[in-house]
Each structure stands twice: as structure tokens, then as C-alpha cells.
Amino acid sequence: MSSGSIVLVTLVAAVTIVGFLAARWGRANLTSIEEWALGGRRFGTVVSWFLLGGDLYTAYTFVAVPALIYGVGALAFFAVPYATIAYPIALIVLVRFWGIARKRGYVTTADFVRDRYGDRALEIAVAVTGVAAAMPYIALQLVGMKVVFAQFGGLFAAHDGLPALTVAFALLAAYTYTSGLRAPALIAFVKDALIYVTVIAAILVIPGKLGGWAHVFAASAAVLAARPKPASIFLAQPQYFTYATMAFGSALSLFIYPHSITSVLAARSKDVIRRNAALLPVYSLLLGLLALLGYCALAAGIKVGPQESSSVVPLLFARFFPDWFAGVAGAAVVIGALVPAAIMCIGAANLFASNVFREFSAERAPVETRVARLLTIAMCAGALLVIFFLPVPYAIDFQLLGGALMLQIFPAFVLGLWTRRFHPRALLAGWAAGLIASCAMAYSGGFGSNFTLHLFGNAVTGFIALYALFVNLIVATAATAIFQKLGLHAGLDRTSAGDYA
Amino acid sequence: MKSPRAWYALLILPFAGTLLPWIYNRAEPALFGLPFFYWYQLAWVIVTSALLGLVVYLTRERDDV
């Protein structure tokens with residue numbers, strides 16, 4: 001084995017042990033869902049910072065954003081404004097949600113929706129959306145790992161990397177089953193340390209070896225312009241709207257995902273979340289610098305086809321770093337995939353166990369935890385199957401579509417935190433309309449994330465998720481007016497004004 | 001004194017600063033070789049973090065759990 005492979009295996013083995021030992025952290029009773037799924041809601045500012053950072057900035061993000069820059073140029077940089085404005089939104093929305101969740105013992109968004117609207121169908125719709133959006137997201141974490149395994153070769157890459165992925169995910173399922181959220185929370189420390197070391201080393205070393213940033217950008221501009229389908233290091237005028245809608249739409253949906261909610265609810269206090277809203281953007285800075293590595297790959301003359309662009313970062317590391325450090329970088333990606341995958345499995349399993357399988361009740365039975373634990377294993381297995389049978393580009397398409405679907409619970413969940421004006425059945429109608437609109441636009445656009453509207457002779461290309469949310473809100477508003485006219489009962493609201501304070 | 005909640009209005013700035021590519025889609029002035037488009041948006045990450053820190057500080061409640 002090469003020294004890089006030894007480093008990779010050692011680090012992954014170490015975090016696996018940490019994952020199992022995490023069960024002993026705080027001597028908790030892990031048959032309670034609060035303890036297993038939310039770490040007993042006791043995480044302080046530092047643990048939450050690592051956990052949320054490890055959760056939101058996934059290995060896939062770190063592989064895909066530079067790859068997208070490499071592929072399409074400036075447009076891919078929308079990830080930076082996205083990861084910036086997500087935090088003001090988080091400060092407003094999550095603090096409010098955390099407060100009521102703590103008061104009334106919610107574990108999921110659907111718990112809140114059920115309590116607020118007293119509508120079982122809406123609760124299930126919200127829960128199923130979360131599970132459906134989480135699955136391809138977990139699968140994408142596997143894509144990130146697969147890229148690294150392919151680069152290390154040997155045993156890792158045998159049979160398309162599938163045996164190695166299966167082993168990694170079996171271990172992940174086992175320690176998540178055993179330790180719950182405590183496992184990714186502890187492993188996140190290792191993950192984030194590795195990611196920071198890797199990115200800082202890359203930013204300090206690589207541009208210098210390529211003759212400085214000015215040269216990197218000039219060379220990238222030349223390569224992108226010479227492509228059969230030319231791209232640029234700046235936006236073209238028609239891309240302005242696309243860029244802004246992608247950043248804004250993604251920012252709106254980031255904290256609705258079940259894995260974000262799970263990590264947020266594990267925080268000890270409102271202040272922990274408030275402080276983290278201000279502290280987490282440090283990761284966005286890291287993401288922005290990493291994105292620029294896509295240009296370094298262009299300037300370094302790394303050539304891969306559009307289907308293999310996710311290998312540009314591993315290739316860049318292999319070119320500029322000694323073998324053992326490529327092992328560190330590889331471990332950063334693999335562990336960076338395991339942390340969010342574990343949290344996504346827990347978040348999705350909670351939704352299914354608490355809101356589909358068993359109705360939410362104030363007294364959560366131990367059976368709910370048992371179901372959630374078993375479902376975690378099922379989620380891992382499901383994600384593996386997706387990677388076994390679905391070509392990688394499809395997995396990416398499904399993830400983009402999943403993001404659009406996720407945003408469709410925005411009216412019921414986020415607006416619901418402030419207003420009870422919408423009729424629950426109208427929200428359900430809006431959700432369905434948003435879902436259909438997302439799928440139709442994605443289908444007609446060949447599964448891209450953007451859709452071109454032709455309005456008054458102008459073609460406006462924007463983010464599907466945001467268009468669909470617009471449809472959703474119009475339907476929900478109109479249907480509310482109709483249902484009120486008809487005098488339809490608006491369901492029971494079990495929350496009271498004091499719960500939101 | 002005005003309600004401390006008014007401070008939350010500061011959080012509109014990052015949206016205005018980052019969602020209008022008309023402002024920043026240009027090469028000059030460059031910084032350390034980074035075109036304006038790139039360093040301007042990276043700078044907003046830091047500014048937003050600082051603004052959030054400020055708002056969190058100014059709106060803190062003594063009886064927060």
C-alpha cells in the first residue's frame with residue numbers, strides 16, 4: 001500500500017472507533033429519542049459549531065463546487081453568496097423554531113406542522129418530502145467517497161469502488177445505530193480539522209506553484225473561452241438572474257433539510273444558535289477558497305471530461321502534494337462524507353419514525369427510537385443501492401430536484417412559525433402544486449437546476465426551486481381564500497402565542 | 001429607547017450586497033490577483049459574519065436560557 005492509502009485507512013479506522021465510543025459520552029440512556037437523535041439537546045457553542053459545520057459543508061460540497069467552477073466558471077460561485085445569506089435567514093428562522101421545539105418537545109419539522117395545523121396529511125407530506133430529499137443527498141456523499149477511492153486505486157477502487165463503499169457505509173450504519181447523533185458530533189471535530197488543514201495547505205501552496213492568482217485567473221479565462229461551449233470567469237448578463245435566484249433559493253432551503261434541523265435541535269440554548277449564526281460563515285470562507293481551486297485545476301492544465309469533473313480536486317492534490325498528504329486530503333473527503341451522511345440518516349429516520357410510522361405524541365415511546373434506529377440502517381442501505389444502480393449524473397440531478405422539493409415545505413414550516421393564516425389543506429394543495437411544478441420544469445429542462453421562462457418576449461432563466469415556491473405560494477393563498485369562503489374547518493392549533501416567545 | 005429588534009434590519013445588507021451581480025461582476029479593482037467579482041463576494045462572507053455578531057450582541061436578552 002502507498003503511504004497515502006495507509007494514512008487514509010488509519011484515519012478512517014480511528015474515526016470509526018470514535019463513532020462507537022461516542023455512545024458512552026455523557027452516559028445517556030440511548031433508548032430515548034431525545035438522547036439518541038439529538039444528543040440530549042445539550043450541545044454547547046463549540047460542539048454545535050463543529051457539528052453544524054461538519055453537517056452543512058459536506059464532502060460532496062467540497063468536491064462538487066470546485067468541479068462546477070472547473071465546468072462552468074463564474075456561475076458556480078453562487079455557492080458563496082448562498083452560504084453567506086443563509087445565516088441571516090438561519091438567525092431569524094432557526095432561533096424561533098428552536099424555541100418552540102424545546103418548549104413542546106419537537107424532534108422534527110413535521111412535529112411542529114402537526115401541532116400547528118392539526119392535519120395528519122400535511123404532517124405526512126412534510127415528513128415524506130424530507131425523507132425524499134435526504135436520500136439522494138446521502139447518495140451524493142457516496143459519490144464524493146467514490147471519487148477519492150478511485151484515485152487511491154488498488155483495493156479501494158476494485159469493482160468500481162463498490163466493496164469499499166459498502167464497508168464504509170456498513171461501519172457508518174453500525175456506529176450511528178449504536179451512538180446516534182453523538183457519533184457524528186464527535187467525528188466532526190476530526191473531519192473539520194482535516195478539512196481546514198487540507199484547504200489551508202492547498203490555498204497556500206497551489207496558487208504559488210502556478211505563478212500566482214493573477215496568472216491562475218488569466219489562464220482559466222483562456223481555457224474556458226476556448227471550450228466548444230465557451231464559459232467565462234465572469235457572469236454573462238443573462239446569467240445575473242440565474243445566479244441570484246440560485247443563491248437565494250438555495251439559502252432558503254438549506255436550513256429546512258432534516259439534517260440541518262437535527263443538528264440545530266441538538267443545541268443547548270438559543271444563544272448557542274445565535275452565536276453559531278455569526279460563527280459558521282467561517283466555513284463559507286473556506287468553501288469560497290476551495291471553489292477557486294477549480295480555477296487552479298484549469299490553470300494547471302488538468303483535463304477531465306464533463307462526466308468526471310468531480311475528480312479535479314483529488315487530481316489537483318495528487319499533482320501538488322506528497323503521497324502521504326494526499327492521504328490526509330482523501331481522508332478529509334471520506335470522513336467529510338461520513339459525518340453528514342450519518343446526520344442525514346438520523347434526520348430522515350426521525351421524520352419517518354415520528355411522523356409517518358407513528359404519530360407524534362408528547363410522550364415518545366421507546367419503540368419510536370427503536371424504529372428510528374432501524375430506519376437509519378435502511379437509509380444507509382437505500383443510499384448504497386442508489387449508487388449501485390444509478391449513474392452518478394442522475395444522482396446529482398435527483399439531489400438538485402430534491403432541493404426544489406425541500407423548499408416546498410417552506411410555507412407550511414417557516415411561514416407557519418409566524419402565521420396561521422393559511423388553511424392546512426391549502427398548504428397541502430400549494431405543496432402538491434410546487435412539487436408538480438418542480439418535477440415538470442426539471443423534466444422539460446433535461447434535469448437541469450434552472451428553467452427558462454419566456455415572459456413578454458424576454459427569456460428569464462432562474463432556479464427551479466424558487467419558481468416552484470412561487471407557484472406554491474399562489475396556490476396556497478388562493479386555496480385559503482376559497483376554503484374560508486366555503487367555511488372549511490381550519491384544523492386545531494395546539495401551539496399558543498407563549499410557545500413562540 | 002427604540003426596540004432592539006430594529007437592529008435586525010441590518011441583516012438586509014448582505015442580501016443587497018450579494019444578490020445584485022450588476023454591482024460586482026467586474027475584474028477591477030483586483031486584490032492579490034483576485035478579480036473584483038471574487039474578492040468582493042468573499043469579503044461579504046466576513047462582513048456578514050461581523051454584522052451577525054453585532055446583531056446577536058445588540059439584541060441579546062439577559063434572561064436567555
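1. Is helix 14 of chain A mostly covered or mostly uncovered? In this predicted model, helix 14 of chain A is mostly covered, with 8 of its 10 residues buried (20 or more other C-beta atoms within 10 Å of the residue's own, with C-beta atoms placed from the backbone). The buried residues run through Val272(A), Ile273(A), Arg274(A), Arg275(A), Asn276(A), Ala277(A), Ala278(A) and Leu279(A), and they pack against helix 3 (45–56), helix 5, helix 13 (258–265) and helix 15 of chain A, together with helix 3 (36–58) of chain B.

2. As to the basis, local features need pLDDT of at least 70 and side-chain atom pairs count only at pLDDT 80 or more, whereas totals for chains, interfaces and linings use all residues. Residues are numbered from 1 along each chain as its sequence is written, and chains are lettered from A and ligands numbered from 1 in the order in which they are written.

3. Between the chains, 34 residues of chain A are in contact with 26 residues of chain B (C-beta atoms, placed from the backbone, within 7 Å). Helix 5 (79–104) of chain A gives the largest share of the side of chain A that touches chain B, 7 residues, and by class this side has 25 nonpolar, 5 polar and 4 charged residues (Ala, Val, Leu, Ile, Met, Phe, Trp, Tyr, Cys and Pro count as nonpolar, Asp, Glu, Lys and Arg as charged, the others, Gly among them, as polar).

4. For chain A as a whole, the secondary structure comes to 22 helices and 2 strands (DSSP runs numbered from the N terminus, H or I of at least four residues for helices and E of at least two for strands). Buried residues make up 59% of its 501 residues.

Technical notes
Contact = placed C-beta atoms within 7 Å. Buried ≥ 20, exposed ≤ 12 C-beta atoms within 10 Å, placed from the backbone.
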